[in-house]
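Here is a brief report on one protein model.

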Amino acid sequence: MSRAAPFEVTVLTMFPEAFPGPLGVSLVGTAWREAGLWSLETLDIRGFSKDKRGFLDDTPAGGGPGQVMRADVIASALDSVERRGRPLLYMSARGRPLTQARVKDWADGPGLIVLAGRFEGVDQRVLDARGFEEVSVGDAVLAGGEAAALVTIEACVRLVPGVLGQAESLSEESFEDGLLEHPQYTRPRTFEGLEIPQVLLSGHHAQVAAWRRAERERATRERRPDLWDAWLANQQAKGE
């Protein structure tokens with residue numbers, strides 16, 4: 001299935017030089033630079049400051065450490081961009097977690113507009129007034145939103161038809177059906193005394209599939225009990 005138009009990404013950032021970063025390499029980079037399956041635009045927020053020194057932050061209302069990015073500067077930057085039906089994402093440690101389900105929804109749309117904040121964050125009023133959705137990539141605090149933006153964009157872009165080439169390669173990845181991915185092996189057959197599991201060398205497709213399913217369930221149960229509980233509840237709801 002092909003798209004009528006490229007997946008368009010615009011990033012509002014203080015550091016446009018952080019992009020494309022890993023988005024410019026391998027198949028994702030080729031799909032951008034050569035195939036035109038998606039596009040990337042960066043917008044330097046500092047260019048929208050009315051301060052002659054280019055400042056776009058101020059002290060937090062109510063006191064406290066650090067600085068806060070101003071609502072009027074962010075709004076001016078955003079309002080210069082044609083939205084074209086794209087969701088507005090603000091990378092934030094207090095946001096809702098990034099999940100594969102959300103990524104798939106965004107990847108089916110026209111693209112993304114992503115705000116990468118800095119300092120202590122962004123004035124809440126511009127997030128509310130413009131309808132930004134706050135997104136977290138994990139339970140950790142970063143120095144800025146650029147790294148989180150790269151993660152989110154790559155997760156979406158790799159699902160755009162044609163970017164990875166083989167749609168079937170996505171079907172058993174972690175989170176696609178609620179389970180983590182099974183372990184992978186390749187040659188050499190023996191590495192530092194460790195063997196490839198015999199079942200993977202058997203040529204018996206049904207046994208390989210059963211082993212992989214069992215490994216996916218085991219990994220999810222041991223490493224992500226939250227996902228395991230959700231998967232069990234979903235299976236019970238489906239009567240499986």
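## Helix pair α6 and α7

Helix α6 (residues 205-223) and helix α7 have axes that come within 5 Å and cross at roughly 125 degrees. Axes here are lines fitted to C-alpha atoms, for helices over the stretch in contact, with angles from 0 to 180 degrees between N-to-C directions. The two helices, α6 and α7, are therefore oblique to each other. Angles under 35 degrees count as roughly parallel, over 145 as roughly antiparallel, 65 to 115 as roughly perpendicular, and the rest as oblique.

From α6, the contact uses Arg213, Glu217, Thr220, Arg221, Glu222 and Arg223. From α7 come Pro225, Leu227, Trp228, Trp231 and Gln235. Contact means heavy atoms within 4.5 Å. By class, the contact of α6 with α7 has five charged, four nonpolar and two polar residues. Ala, Val, Leu, Ile, Met, Phe, Trp, Tyr, Cys and Pro count as nonpolar, Asp, Glu, Lys and Arg as charged, and the others, Gly among them, as polar.

## Basis of the model

This is a predicted model: local features need pLDDT of at least 70, side-chain atom pairs count only at pLDDT 80 or more, and totals for chains, interfaces and linings use all residues. Residues are numbered from 1 along each chain as its sequence is written, and side-chain values use heavy atoms, with hydrogens and water left out. Helices (H or I, at least four residues) and strands (E, at least two) are DSSP runs, numbered from the N terminus.

## Largest pocket

The largest pocket holds about 460 Å³ of space. Its lining has 26 residues, and Tyr90, Met91, Ser92, Ala93 and Leu142 are the closest to its centre. β5 gives the most, with five residues. By class, the lining has 14 nonpolar, eight polar and four charged residues.

A pocket is found on a 1 Å grid over the protein atoms alone, as an open set of points where a 1.4 Å probe fits, with protein on both sides within 12 Å along at least five of seven lines; lining residues have an atom within 4 Å of a point. Grid points are joined across faces, edges and corners, and a volume is the space filled by probe spheres set on the points.

## Second largest pocket

The second largest pocket has a volume of about 380 Å³. It is lined by 17 residues. Pro97, Leu98, Thr99, Phe175 and Arg224 lie nearest its centre. β5, α3 (100-107), α5 and α7 (225-237) each give two or more residues to the lining. α3 gives the most, with three residues. By class, this lining has nine nonpolar, five polar and three charged residues.

## Cis peptide bonds

A cis peptide bond joins Phe19 and Pro20, with omega about 10 degrees. Pro20 sits in the loop between β1 (7-13) and α1 (26-33).

Another cis bond runs from Arg187 to Pro188, and its omega is near 10 degrees. Pro188 is in the loop between α5 (146-157) and β8 (190-191).

## Positive phi angles

Ser26 is not a glycine, yet its phi is positive, at about 55 degrees. Ser26 is found in helix α1. At 59% relative accessibility, Ser26 counts as exposed. Buried means under 20% relative accessible area, exposed over 50%, and partly exposed in between (1.4 Å probe, protein chains only).

Phe119, also not a glycine, has a positive phi of about 60 degrees. Phe119 lies in the loop between β6 (111-116) and α4 (124-130). With a relative accessible area of 40%, Phe119 is partly exposed.
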